[in-house]
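Subject: Structure handover

Hello,

Here is the structure I said I would pass on. Please open it next to this message and follow along; my notes come after it.

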Amino acid sequence: MAVAMSSRCPGLYCGRIMVNGSVEGECGVCPRGERANLQKVCERCTEAPELYDWLYLGFMAMLPLVLHWFFIEWYSGKKSSSALLQHITAMLECSVSAVVTLLVTEPVGMLSIRSCRVQMLSDWYTMLYNPSPDYVNTLHCTQEAVYPLYTIVLIYYAFCLVLMMLLRPLLVKKIACGLGKADRFKSIYAALYFFPILTVLQAVGGGLLYYAFPYIILVLSLVTLAVYMSASEIQSFKHLFAKKKRLVVLFSHWLLHAYGIISISRLDKLEQDLPLLALVPGPALFYIATAKFTEPSRILSEGGNGH
């Protein structure tokens, strides 16, 4: 659909390409890495991502690692000595994938990226905003307006999957001798399920996750910490310090609490936002302080005595 050169490009994301300092061509989709400015001219994105953008990418990068660790722990068994090595390998896979993803993203060969700033939710779903100037023909201007926040996550997941398939089967075959043949590769099979799910989640819900991830982190980390402490029957500091693994789980959840608080506050005002990190140990301390009052056996016994 041709649009007259004198008219302004319709729609939110359509623009004209600038060549040698002059605007040329018809209205249409901007090249990758560019975005239409207020004058509806395609402009190269040269800004560095904001702190919140990096925190979002960190969250999306953490998801496969946390799921790897969960399923390795779930299927390795209590007596298996291979779990720790598998945990380290999973972290290595995700770390290398993250570095390689940054290196292949523009500017190529550097651990930094240039990005188009996210301005509103519709930036993530440009395919829903293709204009129809004459109400008959549609002008297709679907593009990555949030470059590269949308595709970089998908590239990272692809590298994670490739590295896992190259490294983990050989490692598991050598070290997971205590497990049966059927159980040995279950954590890898689980990854073959959750990677497509994560990919669809990013493709469909990337924009929603971008705005909601700080609250998702806080809620999930609080719920999982409460479930873990309840399942492990931790009712005092003595129970908490009885095993090193419990402390590792506790500090991991504290890091997630802090990550969520920083993501919500964005550290815009350091003198106001940093004291909020003092709230991080609060949920665990509250649980230990009140666990003895909510012990089911105690409630049942008191109820029986009352009758």
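**The largest pocket**

By class, 27 nonpolar, 9 polar and 5 charged residues make up the lining of the largest pocket. Please keep in mind throughout that this is a predicted model. The lining consists of 41 residues, and those nearest the centre of the pocket are W69, F70, E73, V249 and H253. The volume of this pocket is about 2100 Å³.

**Cavities**

A search of the whole structure gives 2 cavities of 30 Å³ or more. The second largest cavity has a volume of about 30 Å³. Its lining is made of L225, Y228, M229, I234, L240, R246 and L250. Helix 5 and helix 7 are the elements that supply two or more of these residues. Helix 5 has the largest share, with 3 residues. Sorted by class, the lining of the second largest cavity has 6 nonpolar residues, no polar ones and 1 charged one.

**How the helices pack**

Two packed helices are described by the angle between their axes and the distance between the axes. I have two pairs for you to look at.

The contact of helix 2 with helix 3 involves 19 nonpolar, 4 polar and 2 charged residues.

The second pair is helix 1 and helix 5. Here the axes are 10 Å apart and the packing angle is about 150°. Helix 1 and helix 5 are therefore also roughly antiparallel to each other. Helix 1 crosses helix 5 in a right-handed way. In the contact of helix 1 with helix 5 there are 23 nonpolar, 4 polar and 2 charged residues.

The UniProt entry, which is unreviewed, carries the annotation "transmembrane region" for residues 54–72, 147–167, 188–209, 215–234, 246–262 and 274–291. I looked at two of these spans in the model. How much of residues 215–234 is helix, and how far apart are the end C-alpha atoms? The span is 85% helix and 0% strand, with the end C-alpha atoms 26 Å apart. Residues 246–262 are 100% helix and 0% strand, and the end C-alpha atoms of that span lie 24 Å apart.

**Backbone details**

Most residues other than glycine have a negative phi, and most peptide bonds are trans.

- The peptide bond from E106 to P107 is cis, with omega near -5°. P107 sits in the loop between helix 2 and helix 3.
- The peptide bond from Y147 to P148 is cis as well, again with omega near -5°. P148 is also in the loop between helix 2 and helix 3.
- K40 is not a glycine, yet its phi is positive, near 60°. Look for K40 in the loop between strand 3 (34–36) and strand 4 (42–44).

That is what I have so far.

Regards

Note on methods:
Residues numbered from 1 in each chain as written. Predicted model: local features only at pLDDT ≥ 70, side-chain atom pairs only at ≥ 80, totals over all residues. Heavy atoms only, no water. 1 Å grid on protein atoms, 1.4 Å probe; cavity = no way out; pocket = protein on both sides within 12 Å on 5 of 7 lines; lining within 4 Å. Points joined across faces, edges and corners; volume = space filled by probe spheres on them. Nonpolar A, V, L, I, M, F, W, Y, C, P; charged D, E, K, R; others polar. UniProt positions renumbered as here; feature names shortened; annotations may be inferred. Helix = DSSP H or I, 4+ residues; strand = E, 2+ residues; numbered from the N terminus. Axes fitted to C-alpha atoms, helices over the stretch in contact; angles between N-to-C directions. Parallel < 35°, antiparallel > 145°, perpendicular 65-115°, else oblique. Left-handed = near helix turned anticlockwise from the far one by under 90°.
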